[in-house]
Amino acid sequence: MADSSSNSSLANPFEDPLRFQRRLEPVALVIFGANGDLTMRKLLPALYRLAYERRLPAGFAVIGNSRTPMTDDAFRQKMYESVKQFLEDSAFDEDLWMEFARKLHYIAGDLNDPACYEAIKAKLAEVDQDHATGGNILYYLSTQPSYYAPVIEHLGAAGLAPKSANPFGAGYRRLVIEKPFGHDLETARTLNDVVQRVFPEQDVYRIDHYLGKETVQNVFAFRFGNGIFEPLWDRRYVNHVQITAAESIGVGGRGAFYQETGALRDMIQGHLLQIMATVAMEPSAVFEPDAVRDERAKLLRSIRIMKDSEVLANAVPGQYGPARIGGEEIKGFRQEDKVSPDAQTDTFASATFFVDNWRWAGVPFYIRSGKRLPKRVTEIAIQFNEAPHSVFSGEPLGSFGGRPNMLILRIQPEEGISLRFLSKQPGTGMRLRPVSMDFNYGTSFGARTPTAYETLLVDVMAGDSTLYTRQDMVEASWQVVRPIMEVWGNTKFDFPNYEAGSWGPRAAEEMLGRHGHQWRTP
């Protein structure tokens, strides 16, 4: 068991002081959907870890809500088991847990019942007195998306939203919404109409946990903090960009949900277009939330919208079929529980996007994501143009795979950056071979990297929306995928078209081949 005297992270924190050591105001965190997977796997472990490193404010409390009847003690026991199971390292301290658990409370109730919100209101008044939360309230929507609008409306009706008088003083009231932000452009706009009636935009935090990952944040530092790469970050030097988010697992027990979602909605619209915007945005004048988000939004609006006639050539869906891997029989998507035997769901999606601005005109951005691929990996690969002429005799530069100069930003599972370039091999003669310079967070800083949810929870408590998605960005990303969704929805594909354990359908390779490129194997 660790104690504060032996925990160096408490006495000498290694994290960025501007982000993780700033003073946080006291707050009561209300989690709707507190009995769900997200709360147990991500939110409570992240909150406990923040408590372990003394980053939470002294005045802090959690009020969990779901339909399941539970006492406070039963809720605390369930969260105890979840935190011990899902905490990413061995930082669990029984004594600290006892202190932390006293701040956990629970209210059972139906989210469509006004009485539920009156009970939450009464509990907020109680924890405000007991835990000195200063009248600050943070609402976290960790429910099914169909409950987002009803919860927001009921908060407004109960006088618990910013546009109502605060019954607990002059504190803030903020709303965190998990993705998906709508099922398409129309439903995203409808949800936003509900949100804006109750919460002003400055109090709304649409969370995308990919933007909380260290390597995604490091794109800002890498581009705008160094004088080396930013001058090369345009169409004159960049040949193309690949963004890959691969998962080795299937849909598991989420077959029914995934059948209505698919990889295009779940990953490309939901995460990867935001990563693309971060990679390709213009420098902001200052590193402040609105300035940074303005540039990301501008980039998303600059992505060329495909015509219907272009979709099938520039966007490829896939669905995994059964395979035998390592002696184990792997089900195809259509054999998964609660999935239709003739489902047309895309478990793999890839697309070619172009940005219509001066910096990126003509540079293809290739994005792909899929389930049941060979490995779990998320990365950004930026391939630079080859040297215009080889001054060395012998094999041409293309014999080295056509990708000698490549910058790879690894997001998961191991965060870091690699730069590939050509070097002379030892010995006589001028023989070249590709080599890499690697930067790894763990080995370079000798410190633990905070999880995305730790970063984002601290940010929302500090009122920093830099890494959160704004409504205009949500609508712009839906605009980009809208024609793809419509054409795919009206096309019957010959699924399954890739085996579990492969890198996706052949058509995805052919899509790049038409531009003279090929997918990189991570």
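These are my notebook entries on a predicted model.

**Ground rules.** I number residues from 1 along each chain as its sequence is written. For this predicted model, local features need pLDDT of at least 70, side-chain atom pairs count only at pLDDT 80 or more, totals for chains, interfaces and linings use all residues, and side-chain values use heavy atoms, with hydrogens and water left out.

**Entry 1: the sheet.** I began with the strands. I take helices (H or I, at least four residues) and strands (E, at least two) as DSSP runs, numbered from the N terminus. Two strands pair if DSSP finds at least two bridges between them. Eight strands make an open sheet of mixed pairing, and I read their order as 8-12-13-7-14-15-16-17. Which strands sit at the edges? They are strand 8 (315-318) and strand 17 (432-440), each pairing on one side only. From one strand to the next, the twist averages 15 degrees. I note that axes are lines fitted to C-alpha atoms, for helices over the stretch in contact, and that angles run from 0 to 180 degrees between N-to-C directions.

I then looked inside the sheet. Strand 7 (residues 238-246) and strand 13 (residues 365-370) run parallel and are joined by six bridges. V241 faces F365 of strand 13.

**Entry 2: salt bridges.** I count a salt bridge when a side-chain nitrogen of Lys or Arg lies within 4 Å of a carboxyl oxygen of Asp or Glu. How many turn up in the whole structure? The search finds 27 salt bridges.

K123 and E126 form a salt bridge at 3.3 Å, N to O. Both lie in helix 6 (residues 114-131), three residues apart, which is about one turn of the helix. For exposure, I call a residue buried under 20% relative accessible area, exposed over 50%, and partly exposed in between (1.4 Å probe, protein chains only). K123 is buried because its relative accessible area is 11%. E126 has 37% relative accessibility, so I log E126 as partly exposed.

E475 and R189 also form a salt bridge, at 3.3 Å, N to O. This pair links distant parts of the chain: E475 is in helix 16 and R189 in helix 8 (residues 185-198), 286 residues apart. R189 is partly exposed because its relative accessibility is 35%.

R359 and E282 meet at 2.7 Å, N to O, in another salt bridge. Here too the pair links distant parts of the chain, 77 residues apart. R359 is in the loop between strand 12 (348-353) and strand 13, and E282 is in the loop between helix 11 (262-280) and helix 12 (289-302). Buried or exposed, what is R359? R359 is buried, at 14% relative accessible area. E282 is partly exposed, at 28%. I also logged one network, in which salt bridges that share partners join R49, E53, R55 and E454.

**Entry 3: D464.** D464 sits in the loop between helix 15 (452-462) and helix 16 (471-489). D464 counts as buried because its relative accessibility is 13%. The D464 side chain makes a polar contact of 2.6 Å with the side chain of T466. For a polar contact I require a pair of N or O atoms within 3.5 Å; within protein, one must be able to donate a hydrogen and the other to accept it, and residues adjacent in sequence count only if both atoms are side-chain atoms.

**Entry 4: V391.** V391 is in the loop between strand 14 (377-384) and strand 15 (406-412). V391 is exposed because its relative accessible area is 65%.
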